[in-house]
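Dear colleague,

Please find below the structure that I am handing over to you.

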Amino acid sequence: MILIAAHAQESKYDQHETFNPIFYPQSGNDYRAGSGEPGSKYWQNRADYKINCTLDTAAHRVSSDVEISYTNNSPENLNFLWLQVDQNIYRSDSRASATTTEAGGRWANAKFTQGDVIKSISIDEGGKTYAPKYIITDTRMQIWLNEDLKASGAVAKIKISYQFDVPEYGTDRMGRLNTKNGWVYEVAQWFPRMCVYDDVQGWNTLPYLGAGEFYLEYGDIEYSITAPADLIVAGSGELQNPQDCLTSDEISRWNQAKNSDKTVMIRSDKEVTDKNSRPSKASCTWKFKIQNARDVAWAASKAFVWDAARINLPSGKKCIAASVYPVESIKKNGWQRSTEMVKGSIEYNSNKWFEFPYPVATNVAGIVGGMEYPGIVFCGYNSSGSGLWEVADHEFGHTWFPMIVGSNERKYAWMDEGFNTFINGLSTKYFNNGEFGESSFFPGDNTKFVFDDQVDGLMNVPEVIQQNNLGTAAYLKPSMMLDALRNVVLDSVRFDASFREYIRRWAFKHPTPWDFFHTMENVSGEDLGWFWRGWVLNTWKLDMAVKDVIYIDNKTANGSEITIQNLEKMVMPVTVLVKEANGKEHKINLPVEVWQRGAIWTFAVPTTSEVKEVILDPDKKLPDINRTNNSWKKAF
């Protein structure tokens, strides 16, 4: 065999950096095991809420009282508490107004409000009630306790009376839409919620600036909304008192929907203007309850058309898919198909990953383009066809990330938006036999765009990522990453088992990126430090090239040697297709370990005639930024 020394193009690759054996910043402990599981002493605090509010449709105002039962399961005594008061983002003097609004875009304030107007606060701690000292700093409120809240299970009850005005455009997360039959209110971030206190950094108090979403504790939430009787109210969880809020016809139709795979009309477009479709009294108090949830949201309007259908879950349990929308949303493939889409999305993901945990899944048509909450989502009222499927599937996909798997959205948008975008690709292929194609938000080859020098990396808080890059860094790139991990590095069987186990382990808990990395490695049996370095921790690129083709002893019958080269810093396994002049083809699957030896790899192929063509990644599964050097053809 003749060994020919190859002269490489200039390469940025360093195998010592890529395959450095020290990847994890710390070893496992009692709270978070090295396997990626919650440790034997894992803990998280708990927040249960009881809320009573009134919607004043003349002033567009919500007045409310909330009682929070906060359980300190941590091993530390707490002498103060932190809460989120997110309505303060709409104040003219908020940090978001000074930053996000000045920058413009989706999360900018169109108009300002007074935010959360706090009327009173009291603490019940160990049977003693007092008015605590508190400090409000932008969208955070710190409450100082007279006595430490003891570790390992002590409970404090916080009662807060407050009010706020519902903004017309609330940073694309809440607001109100004026339709021909009345306002559609979408109300979220509407009550003071406990900040997370965890074993990673203690209190998590990043302010709410718009792009960064939420990090919340789990608990049971009971809430009531008193509103004019001509309004329909939809909310997270299950309505506890339908007899007080619905007509006998609506109750009958709702019960029919519970047993129907086809959409059942609860309140038709013709009934919207019929006074008989609502109880004949001044107001109704709608009472809802949801268990083991991190948040609740609700919507209200006298303009709502309302329909529903049964959702079939893999355990045999049933729940309800529902949609509420104004008549303006009814068009070809419009919101009259929403419930069908909600049902399809939730049934697929429940069977594939983890069972949907809530009694009702409601899609609301309104001013918000797309936003998710437990058991309820807000989607743009103008959406239809593939656009309606995409947004409904995406927002309900968030049930799994971050409603079930409660990652920190204020820091790691890629762990909820990206993971969700990935599962959306699979559910879109499944829904109605692929009616809306194979991909949802990002069709086509986006490789050069995703790996452009100006695109921010994944491991950045959302506000550090430039607004025009957020769709790439939070949604598209992490989705591509999981596709590559599933289809190239592992396989669908090992990946799906690992991903399901990650969801199971961290359901209703708070994982970090490292918990995800550990789990995927331990369950799949692969050391993936090189993969996470390239995709998550850095903005490395992939550029593989065919460098040379020679014949052993310069005889075509003796076989050939193919030399390939890695020109950039990212590595991946690669498939090589070799075509011979005699018509034979060879497909060689090279593991990622070939790049442990350096930027150049030479391998033998048992060809018996002239090599006509060599193609790297013939199925185009890799995010190679320069495909022009992926092939070699014999010069004639």
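In this predicted model, helix α6 (residues 338-352) packs with helix α7 (residues 385-397) at an angle of about 45°, and their axes lie 9 Å apart. The two helices, α6 and α7, are therefore oblique to each other. The crossing in which α6 passes α7 is right-handed. On the side of α6, the contact is made by Ser338, Met341, Val342, Ser345, Ile346 and Asn349, and on the side of α7 by Gly385, Leu388, Trp389, Asp393 and Phe396. Of the residues in this contact of α6 with α7, six are nonpolar, four polar and one charged.

I turn next to the nonpolar cores. The largest contains 183 residues, and Trp190, Trp298, Phe499 and Trp532 touch the most other members. Helix α11 (residues 467-489) supplies the largest share of this core, seven residues. Apart from this core lies another, of eight residues, including Ala211, Ile465, Ala473 and Tyr475.

Leaving aside residues up to four places away in sequence, Trp532 touches Phe23, Tyr24, Met481, Leu485, Phe516, Phe517, Met520, Glu521 and Leu537.

Finally, Leu470 deserves a separate note. Leu470 is placed in helix α11, and because its relative accessibility is 7%, Leu470 counts as buried. With residues up to four places away in sequence again not counted, Leu470 touches Trp107, Ala211, Pro462, Ile465 and Tyr475. Between Leu470 and Gly34 there are 436 residues of separation in sequence and 31 Å in space, C-alpha to C-alpha.

Yours sincerely

Technical notes
Residues numbered from 1 in each chain as written. Predicted model: local features only at pLDDT ≥ 70, side-chain atom pairs only at ≥ 80, totals over all residues. Heavy atoms only, no water. Core = buried A, V, L, I, M, F, W, Y, C linked by side-chain atoms within 4.5 Å. Buried < 20%, exposed > 50% of the residue type's maximum accessible area, 1.4 Å probe, protein only. Helix = DSSP H or I, 4+ residues; strand = E, 2+ residues; numbered from the N terminus. Contact = heavy atoms within 4.5 Å. Axes fitted to C-alpha atoms, helices over the stretch in contact; angles between N-to-C directions. Parallel < 35°, antiparallel > 145°, perpendicular 65-115°, else oblique. Left-handed = near helix turned anticlockwise from the far one by under 90°. Nonpolar A, V, L, I, M, F, W, Y, C, P; charged D, E, K, R; others polar.
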